[in-house]
Structures are given as structure tokens and as C-alpha cells.
Amino acid sequence: MILAENLDQFGKDPWWLVLAKVVVIFAFLVVMTLFAIWYERKVVARMQVRPGPNRNGPFGLLQSLADGLKLAFKEDIMPRLADKVVFFFAPVISTICAFTAFSVIPFGPTVSIFGTHSPLQLTDIPVAVLLVLACSSMGIYGVVLGGWASGSTYPLLGGLRSSAQMISYEVAMGLSIVSVFLVSGTMSTSQIVEGQAGNGTVNIGGWHADLPAWYGILLIPSFLIYFTAAVGETNRAPFDLPEAESELVGGFHTEYSSLKFALFFLAEYVNMVTVSGLCTTLFLGGWRAPWPISLWDGANQGWWPVLWFTIKVLLLLFVFVWLRGTLPRLRYDQFMRFGWKVLIPANLIWILSLAGILLTINSDSLSGPGKFGVSVAIIVAALALGFVAIAMSRRNVTVVEIPKAHPGGRVGGSKGFPLPPMNLEVPPSPRAKLVIAEREPVSTGKEKA
Amino acid sequence: MTAADVLLAALGAVALGAGLLVVTTRHVVRAGLWLVVTLGAVAGLYLVLSAELLAWVQVLLYVGAVVVLLLFAVMLTRAPIGASDDLDRVRWPGALIGAGAGAGLVALFADAFHWSRVGLPAPGTAEAIGGAVFRTWVLPFELVSVLLLAALVGAIVVSRPDISAGPRSDSRPDPRGR
């Protein structure tokens, strides 16, 4: 299963080809962003039985372009209390990190471009996936600094929330990728795609089993955890707490306007495209054609793979929009508990058992039936551990005593501040005393006290 | 002087200069940002020395997580925009210790290597570093993890008065004001 190091084909492009690749990737991401905004609005609209944007251009396709132009012509407001330098650089950091991450995502195999043979990928390094993770963790600076530099309360709270969220979910995201490294034996994106080229076989006790080619099926727990963490990492619904309108106005970018706001918006959508692209590369076979098409020999050659890659990314973006259209937003403590107490421990158990199974299968000292027995034992032990953990968490549920609602009045003596009753009961209006008196008395905290 | 030498010297100068700015700036948050520059320059040094994995792990962990958490803690407690006057303590002990440690390290390296040339080791690939950490140096590695775990548990116990030792104080003011 371990692939030979074959990164020699990278780093040999002439300068004009490198420049062309950079420009094409930039254009791809910007066009994908414009398209994704329209796509999201249209899909959510169809889910809510309304037409969605349909005025600008065919099917409203030019709507996001119009919105972008409108943003560019708006007044650029600099808050008086802002830290000017950091306020300016925060959206720049966000955007640069978002774009840089895409430089190692492979679009296709080696093709001939004006007579030069070159892979359809800007570059690849032995630790390419770490580069994507590093870029997304640097992108947090844009959010946290933007929130702080605004010099205002809501952006600061929003910035703190989103940085806490992104850091927490990055841990789960990084752990879910570990299993791909374990199986493919490499961290380079092009070799991970190569590793999903054909079905692997596993030999357990003389019984040859075909393994699915895509890591998304072979390592389905990792795939699910990765996608969940990706939704949290990109601050998308149902994990869009940093932008909870009802609590934080707009989150970290409340004070931003005009092109600086547009940059934050761009970075969010580019990040969505990047995590979808990485998900495609790591779990869905990258640019390789899916099953029925892959029977055609030419499917994985030439320029066709760009199409398969784009379709897979668009499908993943559809899932993002689908989640937003269906699920209500989580509460902050539920969200954090889910990340730290469910995703990360489940991930650790899965990695441990996967590593055990891989060791068993590749070991020389065990016989066939022995391998089979040890593998089954590891799976059973992992499942048992999971069930014990679930049972423990159920048992530890304690009923918290809910404090009685404050009946209202003055807090802290007769000169204290007035407080309305906190039991959600409307205080009787002095003019309606007669009506109130005739009504059935409602039991309240005040009467019991 | 090869290109690598020039790069090493330049990145070293950036790391030192930014490190100096960390302790001299009067803005708390900007001190954190200069720390990012320092750590990033150190990651660049690793990259020039062809330790790719180490460089990206440095960016991922130190730049991307540790300093973000530092800034996070500063912003949770207090994060004034603009300069603050109460950041400095008496300067000479810090300067003395810093200069002493620097001079000691310089003396140590000069004594150990003189002007002998050391060839670049093999590229720091994931396999090489993994083999070194989990075969040769597995005991120190595990000791460090236990130390970190102990620090973590200690931090939780210190920060949560409801689970620490000693009698529980029930003299909390009643939230209902009665």
C-alpha cells in the first residue's frame, strides 16, 4: 500500500507556466466563489419554495457579480477606535491564507500545455496536506484580529467565538486526516489521489477481499468526521455561531464595510471550496472519474479529470447548502461539547483500532486465521469501548436544580436597581386590576417564596 | 556564501529583530503579532535546512495554535487598543539573564564546533522524524507527554475551585438577592 516517492515531476515548470497556473487557480477560486454564492441562494430558495435571484443575467447568474460591484462602490468606514494597521491587515491575512491553501490541490493528471508536459497542480511537497492545515490555521488570525481591531464589543465577542470554534474543530479535522496518512503512507496530495486509483486487496486467511478504492468508503468514519469538522471549521450553518445574527449582530466583521468586508466574504467562500477540494482529494478519489465513467479508458486522461473534480466539489458544496437549509443552529455549549467530547474521542478510538488492524494485516509473524482473529478482536474491543463511553455519558446525567425565577422588584435594598420579574409573566397593569383579580391565579415563584 | 547562507542569515536577523520587538513594544496584542513573525522566521529557518515536516508543524502548532490561544487569552481578560504603560517591569534583570544566556550559548557553540563545517543532514521527512521520535527517543517523548498531561490536569484543578481540595465554601452570595 505504501507508494514510492514520485514527486520528481513537480518543480520543473517554466516560469510562464507557473504564472499561468497561479492565475488560473486564482480565477477558478474567484469564479467558484461568485458561482457558489448564486448556487447557495438558488438552492436554499428552491428548498424554501421560492424562486431566488432571477433578475440579473440568465437564471440570475450575474447576481453575485452585481452584489460584488455594489460592495466595491460602498463607503469604506474606518471606526474611530479601531487599531488602523491591524484593521486593514486582518481581511488581507484571511484572504491570502484561503487562496494559498489551494496551491497543492491536484486538478488532474499530467497533460501537455503548449508542448510542455506538466501536472495540473501548482506544486506538491511531501507534506502537502500539512500545508493546507497550516494555511487554514493561519486564517484564524484574520478573524481574531479583525474582531479585536474593530474596537467594538460585538466584533470582539464574535472574533473570540469563531477563533475558539475554528481551533477546536481543527483538532478533529487534523485527526480525521491521520487515517488517510496511515492507509496511503504519504502526505502528498498527488500521491494520495494515486493511492485511490484502483481497488486494493487484503489477504485475510487465504481469503482475498477487494477493498473500495475511495478512502471515503474504506475509511467512512474519518470521512464523516472530516466533513462535520469542515463545516465547523468554515463557520457554516448549523455551526455558524460566530455570525449568530440574533446574538452578535454580524460576528467579527460587524464593523467592516466595502471591499474589506468583501475580502472576508471571499475568504469564507474560498475556504468552503478549499475544504471541499481537500475532501475530494483525500476521500473521494480526487480528479479520478467515479465508477460508471471510469469504465471508459479515456476518463482519467487529458483534461476530462478537471470536470470530474469540479463536479465532486460542487456536490460537496451542495451538501454545505443542504445542511444550511435544513438544520437549525446549535447552541454554543452543545457545539463545543460535540466537538471535544464526541468527535475527538471517537476519532482517537477509530485511529487506534485502524492502526492495530493495519499492523495485524501487514505483520509477518501471524498466520491467516490469526490475522483474522486479531482484527475481529480489535473491532469488537473498539465497539465495546464506544458503547461503554456512551453508557457512561448517559449515566452521568444529573438533574440540575433550576433556580427559581426572580420575582422582580428592587435588587439590593430600596435604593437598588429595579428588575422586572424574570418568570416571563407580564406584570399586572394597574388599569386592568379588576380583570386580573377575576382570573384564576397562576402559581408563580413569587407566591411560593 | 551560498543562497542558503544568505537566507539563513536574513531569517535569523528577522527572528532576532522581531523577538526584540516582542519585549519592547507597548501594545500587548502587537507583541503577540511580533511573536508570530519570530516563530514564522524560525519555521523559515527549518525550511532552508530542508526540514520540511518540522517547518510546517511549527507553522501549524506554534503560529496557528499556540499564539492564537495567547491572543485569545489576552483578549478574554483585557485587550486595550493602543499603548499601555504598565507592561514593563525593572529592565536590568531581564537584560542580564537574556544577555547571559545568549553569550553562554555563543561560547558553547564556538567551543564545540570552532569553524568546522557540518554537512546538511538528510532531509527531515516524516519517515525519518517519526522513526527517530518513536524508536530512538521514545522514552523522552513519552516523559514529555506525561509532563504536559500533568500540567493540563494541574491547570484544570487550579482554575476550578469546585473540584479543588479543601472545604467547599458555600458562602457564595445568593444570586436571587435574598
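The model is predicted; local features need pLDDT of at least 70, side-chain atom pairs count only at pLDDT 80 or more, and totals for chains, interfaces and linings use all residues. Residues are numbered from 1 along each chain as its sequence is written, while chains are lettered from A and ligands numbered from 1 in the order in which they are written.

For the complex, the predictor gives an ipTM of 0.77 and a pTM of 0.79. Chain B has a mean pLDDT of 82, with 89% of its residues at 70 or more; pLDDT is the predictor's confidence in each residue, from 0 to 100. The table lists the helices of chain B with the lowest and highest confidence. Helices are DSSP runs (H or I, at least four residues), numbered from the N terminus.

| Helix | Residues | Mean pLDDT |
|---|---|---|
| α3(B), lowest | 52–77 | 84 |
| α6(B), highest | 138–159 | 92 |

Over residues 168–178 of chain B the pLDDT is below 50, and beyond near neighbours in sequence this stretch has six contacts in the model. Where pLDDT is low, the predicted coordinates should not be read in detail.

Contact (C-beta atoms, placed from the backbone, within 7 Å) joins 22 residues of chain B to 27 residues of chain A. On the chain B side, α3(B) gives the most, with 14 residues.

In chain A, helix α13 (residues 332–362) has 31 residues and reaches 44 Å from its first C-alpha to its last, close to the 45 Å expected at 1.5 Å a residue; the expected span is 1.5 Å times one less than the number of residues.

Key: Helix = DSSP H or I, 4+ residues; strand = E, 2+ residues; numbered from the N terminus. Contact = placed C-beta atoms within 7 Å.
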